[in-house]
Amino acid sequence: MLLLRRDSFPLQSSDDIVKARQIVRTWAAELGFKLVDQTKIVTASSELARNAYDHGKGGIMIIEAIEDGDRKGLRLTFQDQGPGIPDIEQALKDGYSTSGGLGLGLGGAKRLVNEFHIESTVGKGTTVRIVKWV
Amino acid sequence: MEKQKSIVSLLKAKQDTILQEWEKEQFSAGKFRADLISPDELKQQMRDFWDSLLKALGQEERVDLSDEGWKPVRSLLTELSKSRAKLGFTPSETALFVFSLKKPIFQLIQDTFQNDPARLQKELWDLNTLLDSLGLFTTETYIRSKEEIIRRQQEEMLELSTPVVKIWEQIVAVPLIGTLDSARTQTVMENLLQEIVAASATVAIIDITGVPTVDTLVAQHLIKTVSAARLMGAECIISGIRPQIAQTMIHLGVSFQDITTKATLAEAIKYGLSQVGYRISKME
């Protein structure tokens with residue numbers, strides 16, 4: 001797998017979530033994503049960025065343009081040093097929310113992308129990595 | 001006190017030379033913004049600042065900008081920075097107003113105390129500290145007034161971007177544009193509910209054509225608004241759901257199940273009119 005481009009952005013305020021979305025949209029458009037897929041990855045990033053900000057008390061987003069053989073893609077990593085998720089399976093379940101939200105963010109984000117990887121340690125923080133191929 | 005006074009009297013005695021040199025600095029190539037300020041205005045500002053600076057130096061023993069004696073200097077610089085921020089000066093250009101005074105003053109101090117190195121160093125250091133803090137003060141004020149401008153514009157935008165329009169008797173619509181953050185959604189919700197009462201509306205259309213991303217938070221805000229409108233006796237229609245948004249929402253798992261949705265605002269208006277007993281038809 002080839003790394004074409006990499007950058008990282010802070011997620012420390014709700015304005016940062018808006019900025020993160022805009023950056024993901026720009027990169028996705030430049031990589032040649034169709035409008036539907038642009039919208040999907042932007043929406044997924046919005047969910048995960050907000051999770052990192054709301055639940056993880058702020059974190060960072062790493063954005064990478066990657067190439068694997070003849071396909072290109074976008075890899076996003078969301079890291080926070082929040083309280084962590086004790087039961088990931090439960091957190092991924094639709095309708096489960098600890099914050100009064102719809103409880104669709106994490107599971108929804110997973111359904112919007114091609115690859116989804118989550119790692120969480122209670123007391124240490126959470127890292128979510130997603131990939132969407134063009 | 002003694003020493004301070006002597007510096008003040010020295011500055012006063014040589015003020016013509018200093019002002020002349022300072023003027024030369026201010027008007028030197030690349031520094032003077034003839035497009036933003038007139039020479040007379042700048043000279044007046046320099047004169048005023050110089051007078052208040054000498055006065056403060058003469059009055060106050062310590063150089064502490066928060067002391068009462070420095071108040072005139074502070075308010076003068078505040079005015080200057082604010083007006084410069086509005087006029088479009090850069091922060092550097094604004095701070096340069098003070099910093100360009102360094103050269104003529106330091107020159108004078110150097111000439112005066114060249115035979116007394118210890119004194120020379122002490123005076124240079126004191127004046128340097130003073131001018132630095134005054135320069136930083138202009139920068140801080142400049143940034144604060146810029147922030148003030150941004151904040152005001154944000155508030156204006158918040159108001160501007162959420163107009164509730166009356167479509168027909170009993171029908172109101174709100175076209176949403178841009179990012180729906182929490183503050184804006186709150187404004188939208190309040191405006192819409194108020195307008196429902198004011199217009200005795202029974203149909204409220206929320207058009208999201210201009211919303212680039214509908215994630216779960218936005219969806220939740222929309223659902224809440226619809227529920228609140230419903231409690232007030234108005235039926236809500238969400239229109240302007242573009243194909244890519246629809247597909248994304250399906251994957252997210254968000255459903256607007258018992259909410260009436262339409263692809264376009266035109267469809268929503270047509271449907272709304274039929275709900276209150278009107279029909280759109282072509283003239284024969």
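Predicted model: local features only at pLDDT ≥ 70, side-chain atom pairs only at ≥ 80, totals over all residues.

Colleague: What's the phi of K57(A) like?

Modeller: Positive, about 55 degrees, although K57(A) is not a glycine.

Colleague: And is K57(A) buried, exposed or partly exposed?

Modeller: Partly exposed, because 14 other C-beta atoms lie within 10 Å of K57(A), and exposed would take 12 or fewer.

Colleague: What about S200(B), where is that?

Modeller: In chain B, in the loop between α8 (182–198) and β3 (203–210). S200(B) isn't a glycine, yet its phi is positive, about 45 degrees. S200(B) counts as exposed because it has 11 C-beta neighbours inside 10 Å.

Colleague: OK, on to the sheet in chain A. What's the strand order?

Modeller: β1-β2-β3-β5-β4, five strands in an open sheet with antiparallel pairing.

Colleague: Which strands are at the edges?

Modeller: β1 (2–11) and β4 (115–121) of chain A. Each has a single partner strand, so one side of each has no neighbour in the sheet. On average, neighbouring strands are turned by 10 degrees against each other, ignoring direction.

Colleague: How many bridges join β3 and β5 of chain A?

Modeller: Eight, between β3 (residues 71–80) and β5 (residues 125–133), which run antiparallel. In one of the pairs, G73(A) is partnered by W133(A) of β5(A).

Colleague: Which strands does α1 of chain A touch?

Modeller: Helix α1 (residues 14–31) packs on the sheet against β1, β2 (59–68) and β3 of chain A, with its direction at about 165 degrees to that of β1(A). Helix α2 (residues 35–54) of chain A also packs on the sheet, touching β1, β2, β3 and β5, and its direction makes about 15 degrees with that of β3(A).

Colleague: Switching to chain B: what's the angle between α2 and α6?

Modeller: About 145 degrees, with the axes 8 Å apart. The crossing of α2(B) and α6(B) is right-handed.

Colleague: Which residues meet there?

Modeller: From α2(B), I18(B), E21(B), W22(B) and E25(B); from α6(B), K103(B), P104(B), I105(B) and L108(B). Five residues of that contact are nonpolar, three are charged and none is polar.

Key. Residues numbered from 1 in each chain as written. Chains lettered and ligands numbered in written order. Axes fitted to C-alpha atoms, helices over the stretch in contact; angles between N-to-C directions. Helix = DSSP H or I, 4+ residues; strand = E, 2+ residues; numbered from the N terminus. Left-handed = near helix turned anticlockwise from the far one by under 90°. Contact = placed C-beta atoms within 7 Å. Nonpolar A, V, L, I, M, F, W, Y, C, P; charged D, E, K, R; others polar. Pairing = 2+ DSSP bridges. Buried ≥ 20, exposed ≤ 12 C-beta atoms within 10 Å, placed from the backbone.
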